[in-house]
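Student: Could you take me through one part of this model in detail? I would like to see how two neighbouring elements are arranged, and then hear about anything else worth a look.

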Amino acid sequence: AVVSTQSTGWLTTAGILLHELPHEVTDYAVLAQSGFTKQGAIAAQLWTCFTGILGSVVGVYFEQSFSCGKIVLPLTSGIFLYVSTTSLVPSIVEKTSPRDTGLQMVAMILGLALTFWCS
């Protein structure tokens, strides 16, 4: 995202950090409760972090080598939107009351609006 503009890069980094920190803590707790030792759960989390960093390095390499940043950012954003609408939204609707579903949808729309406003 930094290859697009610096402000887009910082906003993307902040969004990823705000998402990933609680996500990683939750993943650790799930692994620990499903039978992993503390060291095993930490090793599994470090492995997933390493693969994420490796993916970032490969992405930066491709951007610098082939100047494909203008296509990668929209493609990645589209994949995230596809996953959220096909996987997450149906599970939200099935497991909550209509009021909670409405509140969650409003929160998602506000998040999307904030993203457009910041960019």
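Tutor: Happy to! In this predicted model, helix 1 and helix 2 are oblique to each other, because the angle between them is about 140° and only angles over 145 count as roughly antiparallel. Helix 1 covers residues 6-33 and helix 2 covers residues 38-66, and their axes lie 9 Å apart. The crossing that helix 1 makes with helix 2 is right-handed.

As for the residues that meet there, helix 1 contributes Glu24, Asp27, Tyr28, Leu31 and Ala32. From helix 2 come Lys38, Ala41, Ile42, Ala44, Gln45, Thr48 and Cys49.

Now to helix 4, which spans residues 98-118 and includes Gln104. Gln104 has a relative accessible area of 30%, so this residue counts as partly exposed. Between Gln104 and Val89 there are 9.3 Å in space, C-alpha to C-alpha, while in sequence the two are 15 residues apart.

Finally, a word on charges. Side chains of opposite charge can pair when their charged atoms come close. The model has a count of 1 salt bridge, and a salt bridge joins the side chains of Arg99 and Asp100, at 3.7 Å from N to O.

Terms used
Residues are numbered from 1 along each chain as its sequence is written. This is a predicted model: local features need pLDDT of at least 70, side-chain atom pairs count only at pLDDT 80 or more; totals for chains, interfaces and linings use all residues. Side-chain values use heavy atoms; hydrogens and water are left out. Axes are lines fitted to C-alpha atoms, for helices over the stretch in contact, and angles run from 0 to 180 degrees between N-to-C directions. Helices (H or I, at least four residues) and strands (E, at least two) are DSSP runs, numbered from the N terminus. Angles under 35 degrees count as roughly parallel, over 145 as roughly antiparallel, 65 to 115 as roughly perpendicular and the rest as oblique. A crossing is left-handed if the near helix is turned anticlockwise from the far one by less than a right angle, and right-handed if clockwise. Contact means heavy atoms within 4.5 Å. Buried means under 20% relative accessible area, exposed over 50%, partly exposed in between (1.4 Å probe, protein chains only). A salt bridge is a side-chain nitrogen of Lys or Arg within 4 Å of a carboxyl oxygen of Asp or Glu.
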